[in-house]
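Grab a viewer and try each task before reading its solution.

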Amino acid sequence: MLGGMQDWPLLVWKLIDHAALHHGSREIVTARVEGGESRSNWREVRERALKVAQGLSRLGVRTGDRAATLAWNTQRHVECWYGISGMGAVAHTVNPRLFEEQIVYIINHAGDRVLFFDLTFVPLVERIAPKLNTVEHYVLMTGREHVPETSIPDLLAYEDLIAASDGDFEWANVDELTPAGLCYTSGTTGNPKGVLYTHRSNVLHTFGANSADALGLTSAATILPVVPMYHANAWGVPYAAAAAGAKLVMGGAHFDAPTLHGLIMREGVTLTAAVPTVWLAMLQHLEKSGQGMGELKRVVIGGSAVPRSMIVDFKEKYDVTVCHAWGMTEMSPLGTLGSLSAAALEKTQQEQFDIQTKQGRAIFGVEMKIVDDNGDEMPRDGKAFGHLMVRGPWVVREYYAGDGGHVLDADGWFDTGDVATIDPSGYMQITDRAKDVIKSGGEWISSIELENEAVGHAAVAEAAVIGLPHPKWDERPLLIVVRKPDTNPSKQDLLDHLEGRVAKWWMPNDVVFVDEIPHTATGKIQKLTLRQQFKDYRFPDAA
Ligand code: ADP
């Protein structure tokens, strides 16, 4: 027997239809790539997205075809997202910060037929176009007046594509399991792999993202997603904002603290989402300039572990609450958020900071467990750490084109590659990537926890901890530090700071100072590169 309710397919374009109809005048503000700012709203953006869809259809794009974007967070990028998936094609966000060969590999592997790109990337596209085997149409995301002299073949100006459409077009009524989006993992080891989101998975993720303990967007909220749309869907913000009817503020090509701060103040931003490095720079900028944070109430931070000192600074200096988030491209990306539970709200401020340092609790829709090397489940006691496994309707089932083979175990769990603890209240804490844990004398040391504590030292701008070979212990931790400008802490200063904050046997065997720590295309510390940089290093006590 079937139930008696309607089968309303979960399609991504329904989000923007809702926004246009119920929150049509809510603004979308963009720091334009051409300079200056543009102001639009959900009604106009829907109309223009529909014209993009109509334009693509004119170009011969069909259901299931892939159309790529190499673009910053802008109104036009939002229009492309909805326009491409709304006509039944797949919106493939390409990370422009990847190596050029990786970008070529990804676009060819995806078989993209159209490439939308921002003005910033004209030189890049000129270089790679001859190597792109499947791209038939290049669309420069600007007006004709800004199109430069270029060797790019069959180049269309985005505004011309829109102007040639009358908007008399209907969104595609595809099956909800049709793919809507494609995003490749950054592929720090091996080739990047594609995650092919469905309309259904994106809409369900939007419901999850908008639950109150998660992003919890409302129609009164103003959100600035600093996290780029090419990095794990900007954590779903352009979908969640449409569902809620929130005002969307887009930073374009800008990631620097003064520009972002200007947008936050002028536009009355109440919520933002970004990786920790953005906030490190912001906190330094605020300290120097003596400014406040305006109406900003909450910042969602994820992608890498948030140091406790950052959570404390935001609260104590600016009365802004940090909500720690964890997820991954393979999870659309949100998995856990660190909002405070009823029990946590009863605790002291310092205890709450400890809880907020954890990556948080699972959103409804995400199942989570930790297992040992044999796959046996480990206790949720906040102490045992094991491989973090997840499953749910917005978690990857297989990579695009079957890359990587079967990625689920027999019970449908996906191994995140992270190592974590889960405490009895459900708060999960990442201790490491499995490949980065430091194995010392048969026990595991968490590099992330050491980094967190090191960054708590007033003179430390950034810290990384890697495990290096040690004749007695297998591996021992090396602490690598970037000092803040005009400070000069010594090795001993840092060891003194860590003393008592971490277990004795976790203490780094040495501290080295560097000018810069390498980062991946998504802002994570590049541990692989660090391990290579220090491959000839020997600990003082290992001679
Ligand atoms: P990419 O792999 O392309 O850089 P992802 O966002 O998919 O981008 O990376 C996901 C990984 O990032 C997670 O598996 C985890 O290792 C790390 N990560 C994400 N959020 C956090 C967090 N809050 N704390 C620690 N690590 C995190």
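**Exercise 1.** Work out whether tryptophan 81 is buried or exposed, then do likewise for tyrosine 239.

*Solution.* This is a predicted model, so keep in mind that side-chain atom pairs count only at pLDDT 80 or more. Start with tryptophan 81: its relative accessible area is 2%. The cut-off for buried is under 20%, so tryptophan 81 is buried. Now take tyrosine 239, which has a relative accessible area of 5%. That makes tyrosine 239 buried as well.

**Exercise 2.** Classify the ring pair of tryptophan 81 and tyrosine 239, and say which parts of the chain the pair ties together.

*Solution.* A search of the whole structure turns up twelve aromatic pairs. For this one, the ring centres are 4.9 Å apart and the planes meet at 25°. Planes under 30 degrees apart count as stacked, so the pair of tryptophan 81 and tyrosine 239 is stacked.

**Exercise 3.** Now classify the pair of phenylalanine 534 and tyrosine 537.

*Solution.* Centre to centre you get 6.3 Å, with 75° between the planes. Over 60 degrees counts as edge-to-face, and that's the label for phenylalanine 534 and tyrosine 537. Both phenylalanine 534 and tyrosine 537 are buried.

**Exercise 4.** Find which residues join Phe255 in a ring cluster, and which charged residues lie over rings.

*Solution.* Follow the ring pairs: they link Phe255 with Trp72, Phe121 and Tyr230. Then look at the face of phenylalanine 255, where arginine 97 lies 4.6 Å from the ring centre. Elsewhere, lysine 193 has its charged end over the ring of tyrosine 399, at 5.0 Å from the centre.

**Exercise 5.** Describe the shell around the ligand and the polar contacts to its nitrogen atoms.

*Solution.* First, count the shell: 17 residues surround the ligand, with Ala325, Thr329, Asp418, Arg433 and Thr522 the closest. Sort them by type and you have four nonpolar, ten polar and three charged. Strand S14 (residues 321–327) supplies the largest share, four residues.

Next, go through the contacts to ligand nitrogen:

- glutamine 359, through a polar side-chain atom, at 2.8 Å
- alanine 305, through a backbone N or O atom, at 3.2 Å
- serine 304, through a polar backbone atom, at 3.4 Å

Finally, check the cover: on its own the ligand has 570 Å² of accessible area, and the protein covers 91% of that.

Conventions. Residues numbered from 1 in each chain as written. Predicted model: local features only at pLDDT ≥ 70, side-chain atom pairs only at ≥ 80, totals over all residues. Heavy atoms only, no water. Phe/Tyr/Trp six-rings, centres within 6.5 Å; stacked < 30°, edge-to-face > 60°. Helix = DSSP H or I, 4+ residues; strand = E, 2+ residues; numbered from the N terminus. Buried < 20%, exposed > 50% of the residue type's maximum accessible area, 1.4 Å probe, protein only. Lys NZ or Arg CZ within 6 Å of the ring centre and 35° of its normal. Near = heavy atom within 4 Å. Polar contact = N/O pair within 3.5 Å; in protein donor to acceptor, adjacent residues only side chain to side chain. Areas by Shrake-Rupley, 256 points an atom, 1.4 Å probe, with all protein chains shown as cover. Nonpolar A, V, L, I, M, F, W, Y, C, P; charged D, E, K, R; others polar.
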